[in-house]
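Work through the following exercises with the coordinates open. Each task is followed by a solution in steps.

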Amino acid sequence: MGFKTGIVGLPNVGKSTLFNALTRTAAAQAANFPFCTIEPNIGEVSVPDERLDKLADMAKSAKRLPARMTFVDIAGLVKGASKGEGLGNQFLANIRETDAVAHVLRCFDDSDVTHVEGKVDPVADAETIETELMLADIESIEKRLQNLSRKIRGGEKEAVEQDRLLRLALGVLENGQPARTLNIVEEDFRTWDMLQLLTAKPILYVCNVDEEKAASGNTYSEAVEKMAKTHGAASVVISAAIEEEISQLESEEANMFLEEMGLDQPGLNKLIEAGYDLLELQTYFTCGPKETRAWTIQKGVSAPQAAGVIHGDFEKGFIRAETIAFEDYIALGGESAARDAGKLRAEGKSYIVQDGDVMHFLHSN
């Protein structure tokens with residue numbers, strides 16, 4: 001699996017500029033007026049991981065295939081979006097289809113770039129978007145509860161579970177808190193995910209600062225970081241202007257430019273790392289002469305579940321997983337040497353996959 005992150009924010013905060021840069025495309029029109037993004041633009045990027053190249057070099061792989069991350073650039077929301085203001089409900093529906101929300105906040109002053117609220121206040125902007133998403137969730141829940149009543153009278157177990165969770169969510173939303181603040185127990189995970197509440201999605205605040213403050217941040221981004229901590233969320237500091245510039249440079253030139261700006265990595269890397277942490281994701285590898293590939297999985301998944309990411313039949317017919325830790329694979333010089341040294345392990349159905357595992361699955365047809 002990869003993961004899909006929706007990029008949201010008020011108009012003119014740099015969303016489309018950031019999307020263009022991150023996906024190295026010109027698919028999203030970046031312009032200084034609201035609603036320049038009408039349809040949600042979708043772009044995929046490779047997840048940077050230096051381990052992939054090390055494994056591919058050692059295995060002399062013909063191909064190297066990184067994990068992928070999908071960005072969805074969703075049009076700027078405004079006050080009243082939950083009631084259809086601006087381009088409202090059309091884009092709230094787009095957010096439902098994502099795994100996480102990257103909320104881009106304007107953390108720079110520029111008199112040439114209009115702010116839809118007339119002043120730069122990223123914390124207030126974040127509250128505006130959160131309020132709209134909460135209002136949309138409340139409206140959605142109230143409609144669903146009405147539709148579930150008949151099914152509950154008919155004794156449908158799933159409807160009863162949905163009703164219970166929706167009422168819990170409604171309670172916290174009416175108290176001004178997003179649905180993600182609820183503590184959902186493991187046995188309710190599946191039903192909870194099916195509800196697709198907007199405010200249940202993990203959120204990452206992306207502070208878009210000017211070029212001079214990309215390395216250190218500024219008072220705006222510091223205020224956002226403080227707010228994020230109180231909400232149990234994460235935040236990263238990125239300059240969309242820098243990302244746009246390095247997206248047009250060759251690798252060596254881009255590295256030199258980053259060094260000049262006091263940065264040790266592109267904002268894309270920071271954003272992906274934060275996204276992985278937010279969604280509790282990790283990577284395992286398959287490696288051989290034909291290809292070396294990175295696969296994204298949730299932390300805590302079993303070997304059969306990890307095999308299922310490659311193909312559902314691998315999970316159904318799982319027999320065992322031949323597994324080598326990344327460090328052992330590299331230190332010993334590859335699969336054969338690791339096997340000879342006793343570092344290749346045969347793991348069964350209960351094995352919990354670890355980040356960096358190099359795996360080969362045996363399965364029945």
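**Exercise 1: strand pairing**

Task: in the predicted model, determine in which sense strand β5 (residues 100-106) and β6 pair, and over how many bridges.

Solution. Step 1: β5 and β6 run parallel, and six bridges join them. Step 4: here Tyr205 has Ser235 of β7 as its bridge partner. Step 5: between β6 and β7 the chain passes through helix α7 (residues 219-230), and this β-α-β crossover is right-handed.

**Exercise 2: burial of β6**

Task: decide which residues are buried on each side of β6.

Solution. Step 1: in a regular strand, side chains alternate between the two faces of the sheet. Step 2: one side of β6 carries Ile203, Tyr205 and Cys207, and the other Leu204, Val206 and Asn208. Step 3: these residues are all buried, so both faces are covered. Step 4: six of the six residues of β6 (residues 203-208) are buried, and therefore the strand is largely enclosed by the rest of the structure.

**Exercise 3: the cysteines**

Task: find how many disulfides the structure holds.

Solution. Step 1: the count is zero. Step 2: for Cys207, the nearest cysteine sulfur belongs to Cys107 and lies 4.1 Å away. Step 3: a disulfide requires sulfur atoms within 2.5 Å, and Cys207 is in no disulfide. Step 4: Cys207 is buried, with a relative accessible area of 1%. Step 5: Cys287 is buried as well, at 17%; the cut-off is under 20%.

Methods
Residues numbered from 1 in each chain as written. Predicted model: local features only at pLDDT ≥ 70, side-chain atom pairs only at ≥ 80, totals over all residues. Heavy atoms only, no water. Buried < 20%, exposed > 50% of the residue type's maximum accessible area, 1.4 Å probe, protein only. Helix = DSSP H or I, 4+ residues; strand = E, 2+ residues; numbered from the N terminus. Pairing = 2+ DSSP bridges. Right-handed = clockwise from strand over helix to strand, strands pointing away.
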